[in-house]
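Thanks for coming, everyone. Please bring the structure up on your screens, and we'll walk through it together.

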Amino acid sequence: MVLTKQSATPVIGVIDDDPSVLKSVSRLLRSAGFSVVPFASTEGFLETHQSWTLHCLVLDIHFEGMGGLDLEAYLADTGVHFPIVFITAHDDAALRERIEATGQAYLRKPFDETALLDAIHRVLLPTHPGARPDHN
Amino acid sequence: MVLLAVSYYLAARLGLGFRFQDSQIGVVWPANAVLLAALLLTPTRRWWVVLVATALAHAVAVASVTPAWRAAWQIAGNALFITSTALVLRRVPGLPLTFETRRQVFAYSAIAFVLPALYAFTTPAFVRALFHLELAPGSTLATTLLRVTLSNATVLLLVAPVVLLWAQFPVHRLKELSARRLWEAGAVVLSVLAVGMVAFGTGPEIAVGVPLLWVFPPLLWVAVRFGPVGASTALLGVAALSVWGTARQLGPFVLMTHADRVLSLQLFWIVMCTPVMLLAAVIWERERVEDALQAHRTQLAHLTRVATAGELSSSLAHELRQPLTAILANAEAAQVLLTRDGVDLREVRAILEDIAEQDKFAANVIGRLRSLLEKEEPHFEMLAMETTVGDALALSRGTVERSGVQVETQIAPGLPRVRGDPVQLLQVVLNLVVNGCESMSATPAPDRRLRLRVARQDSEYVEVLIADSGTGLPQGREDRVFEPFFTTKKTGLGLGLAIGRSIVSAHGGRLWGENNLLRGATFHLLLPMDHANDGPTAADRHRR
């Protein structure tokens, strides 16, 4: 799972177990010009993510079962690294620092479009410099 | 004041009707009760108005039957007697005089004997008898004294409480009475009447003995169920019936000589009065204590709910952030869509529907929070425990999620309803869920499981079972967690389970915990099913 192909519209995987958040964030990203693949759980993501070429993940931190951070660690163990925008409805300053120190992004819900797109660009840019989506 | 003068006048005319044919001493002088009640309900600086009004009414009422000197003496004497009684009553039992405590009834009864006895020495009847000016045939100084004393004591014991209590009675309360209470009141009036008729309205040969005792059961009924107001009124009713019977030469009292008859009637009333009023006061006091206890429990339950809501605040913030995230993302997506050529109206409509739905979801979160915070009187209704469990899980979702706990819910189909206060039961289940989550902080993440099961327990109960895999209960002393202020948490009052148990017992149910074989604890919450026509539950009875 390495970014081999430069695509005009980056593909973003959204993973959240709250259906309303999953649907609306996917919608927002699509309207911003991204391609979006939604996943309702971390387990579901692990099973099927290889069918897509994903450039970035928007990943909820808290799940029943495997959480967002567990998923990142698991992927790292298998040698897979995604740029990730972590999203969470909990306030946790320490966690934010830890995550941002690794170069990933941390967004507290609710967030607006600008914040989300900025975060995506921030995590995407180092690996995917041409990936500015053509949103108006 | 006009009203007072009129009532005094009427009471005085009534009193005149109650006199011996052969004596100046009345059987009762109800006008004194009116005067006493008026004084007790008026501030002392306005007493002179009361005294003037009643004096005038007295003069008018007795003008036709009493010489002027005697009327003046009566007015002065009564005024002195009742004023001093009122002064003593203000001081000793204290105002307002409600006859709702044993202390008041004791003090009042004592004063109602002692003062009339002292006053008797100053009455025209006694003074004239003392100087042998006028002595009814067959009476002595002592009997004159006794008659005057009893006559006045009767007024104070039998009539004054009724006048005083009804004058103070908040009439609007009558409108709030339930139909059941009204039926009961009707039944009790009928039974007092019926028993009174039998006891006092039958021929003397039948009436002597047993029927007289029959007046007590209905009197006790009133005392137990209708408080001092009801008891004093019923006592007066029985007294009136006894007068009515005796006047028609019926009932047990007519077998005696005329003088003895009146004396026995008065003694009968006095003997009847104090115990019945005392019983009413004791029951009343007891019920107030129970009410106060209930109010405290409600207050404490509310306090712990507020504390729980405080502990849940981050969880609730989390619950609100989900729909807010969705609403914002949806709205911004729609804004982008609308700037495009060839707007996809179907998509925009779908987005707006989603926004409306998420808004309602957020409103529900707030509604549940408010139900916890609001200070409402407990109210019982039919409810489904599965709903309560669902609400508790919704309120605690943030906490559950953050503690990394997996929740398994198992709800048996076709569960019967229970009867209870939805907020209080929500509080109990919520508390058990949050406790369960917190007890598992030291448990390895994959093992953090909270199992909830709602099922029927034999034919009587609905059981909510909440099992965790946390630290468990103190070994051998599992029940300690239900003691107030027992807590293993860093935050929290240590009242949650204690309050929970008291709420559940007030619902006629049971709440206990036990340790699991391997790890953690299981709490059992049993609530009685609602058998629709099985009569009132314990909770209902309490809320009478």
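How many disulfides does a search of the whole structure find? Zero, over all chains. Keep in mind that this is a predicted model. A:C56 counts as buried, because its relative accessibility is 0%. B:C437 also counts as buried, because its relative accessibility is 1%. The cut-off for buried is under 20% relative accessible area.

Now chain A. It has five helices and five strands. Follow the sequence and you read β-α-β-α-β-α-β-α-β-α. Chain A has 136 residues, and 53% of them count as buried.

Next, aromatics. How many aromatic pairs does the structure hold over all chains? Seven. Let me show you two of them, both in chain A.

Take A:F39 and A:W52 to start. Their ring centres sit 5.9 Å apart, with 85 degrees between the planes. That pair is edge-to-face. The cut-off for that label is over 60 degrees. Where are the two residues? A:F39 is in strand β2, residues 35-39 of chain A, while A:W52 is in the loop between α2 (42-48) and β3 (56-60) of chain A, so the pair ties together parts 13 residues apart in sequence. Buried or exposed? A:F39 counts as buried, because its relative accessibility is 4%. A:W52 is partly exposed, because its relative accessible area is 37%.

On to A:F45 and A:F82. This pair is edge-to-face as well, at 6.1 Å centre to centre and 70 degrees between the planes. A:F45 lies in helix α2 of chain A, and A:F82 lies in the loop between α3 (68-77) and β4 (84-88) of chain A, so this contact ties together parts 37 residues apart in sequence. Both rings belong to buried residues. A:F45 has a relative accessible area of 0%, so it is buried. A:F82 has 7%, so it is buried.

Ring pairs link A:F39, A:F45, A:W52 and A:F82 into a cluster.

Over to chain B, and its surface. There is a nonpolar surface patch of about 450 Å². Which residues make it? B:W166, B:V171, B:L174, B:L177 and B:L182. Pick out B:L182, which lies in helix α9, residues 179-201 of chain B. B:L182 counts as partly exposed, because its relative accessibility is 47%.

Further along chain B, find helix α19, residues 496-506. Which of its residues are buried? B:L497, B:A498, B:I499, B:G500, B:S502, B:I503 and B:V504. Here is a reminder about helices. An α-helix has 3.6 residues a turn, so residues three or four places apart point the same way. After α19(B) comes B:G508, with a positive phi near 75 degrees.

Last stop, the hairpin. Strand β6 of chain B covers residues 510-515, and strand β7 of chain B covers residues 521-528. They pair in the antiparallel sense, over six bridges. For one contact to click on, go to B:E514: its bridge partner in β7(B) is B:T522. How many residues lie between the two strands of this hairpin? Five. In the turn, look at B:G520, which has a positive phi of about 85 degrees.

To recap: zero disulfides over all chains, a linked aromatic cluster in chain A, and a nonpolar surface patch in chain B. Over to you.

Terms used. Residues numbered from 1 in each chain as written. Chains lettered and ligands numbered in written order. Predicted model: local features only at pLDDT ≥ 70, side-chain atom pairs only at ≥ 80, totals over all residues. Heavy atoms only, no water. Pairing = 2+ DSSP bridges. Helix = DSSP H or I, 4+ residues; strand = E, 2+ residues; numbered from the N terminus. Patch = residues over 30% accessible without salt bridge, like charges linked within 9 Å, V, L, I, M, F, W, Y side chains within 5 Å. Areas by Shrake-Rupley, 256 points an atom, 1.4 Å probe, with all protein chains shown as cover. Salt bridge = Lys/Arg side-chain N within 4 Å of Asp/Glu carboxyl O. Buried < 20%, exposed > 50% of the residue type's maximum accessible area, 1.4 Å probe, protein only. Disulfide = S-S within 2.5 Å. Phe/Tyr/Trp six-rings, centres within 6.5 Å; stacked < 30°, edge-to-face > 60°.
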